[in-house]
Amino acid sequence: QVQIVESGGGLVQPGGSLRLSCEASGFVLSDYAMTWVRQGPGKGLEWIADIGRSGSNSLYIDSVKGRLTIYRNVPKNTLYLQMNSLKVEDTAVYYCAKRMGDGQGDGLDYWGKGTLVTVSS
């Protein structure tokens, strides 16, 4: 069975750093494009980062470029989101999601339950 579990969320001060993990089972995540999506308080889902199967094609929404980095550890079958220079606006539940194929335009078919990041002083 496909399973995606996010972890690493918590409370952090503005300007601080946090690393989110997305542990996958039931599939080899390096065979698929993977995505991080977030939902802030009172907001809808927002795509923030995507990584292709090759690992070299990484895409980001403009608001997180230079601050957030998506990458994966193939032996651990784990996806990460390194978050630096965090802002209050980054407060959200962060979801890891699998795309249906290796293309970054492919639809999302599996999601984790999310991990909460709270940025506050």
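Biologist: Buried means under 20% relative accessible area, exposed over 50% and partly exposed in between, with a 1.4 Å probe and protein chains only. Where does Glu 46 fall, buried or partly exposed?

Modeller: Glu 46 is partly exposed, at a relative accessible area of 28%. This is a predicted model, where local features need pLDDT of at least 70 and side-chain atom pairs count only at pLDDT 80 or more, while totals for chains, interfaces and linings use all residues. Residues are numbered from 1 along each chain as its sequence is written, and side-chain values use heavy atoms, leaving out hydrogens and water.

Biologist: What does Glu 46 form a salt bridge with?

Modeller: Its partner is Arg 38, and the closest N and O atoms are 2.8 Å apart. A salt bridge here is a side-chain nitrogen of Lys or Arg within 4 Å of a carboxyl oxygen of Asp or Glu. Arg 38 is buried, with a relative accessible area of 6%.

Biologist: How many salt bridges does the rule give?

Modeller: The count is seven. Among them is the one between Asp 50 and Arg 99, at 2.6 Å from N to O. Asp 50 lies in strand β5 and Arg 99 in strand β9, 49 residues apart, and the pair links distant parts of the chain. Strands are DSSP runs (E, at least two residues), numbered from the N terminus.

Biologist: Is Asp 50 buried or exposed?

Modeller: Asp 50 is buried, with a relative accessible area of 1%. Arg 99 is buried too, at 10%.

Biologist: And which residue pairs with Asp 90?

Modeller: Arg 67 does, with the closest N and O atoms 2.7 Å apart. Asp 90 sits in the loop between β8 and β9, and Arg 67 in the loop between β6 (58-60) and β7. Salt bridges that share partners join Arg 38, Glu 46, Arg 67 and Asp 90 into one network.

Biologist: Changing topic: how many residues are in the largest nonpolar core?

Modeller: It has 26 residues, and those with the most contacts inside it are Trp 36, Leu 79, Leu 81 and Tyr 94. Such a core is a set of buried Ala, Val, Leu, Ile, Met, Phe, Trp, Tyr and Cys residues joined through side-chain atoms within 4.5 Å.

Biologist: Which element gives the most to this core?

Modeller: That is β3, with four residues.

Biologist: What does Tyr 94 touch?

Modeller: Leaving aside residues up to four places away in sequence, the residues it touches include Leu 20, Trp 36, Arg 38, Ile 48, Leu 81 and Val 117. Contact means heavy atoms within 4.5 Å.
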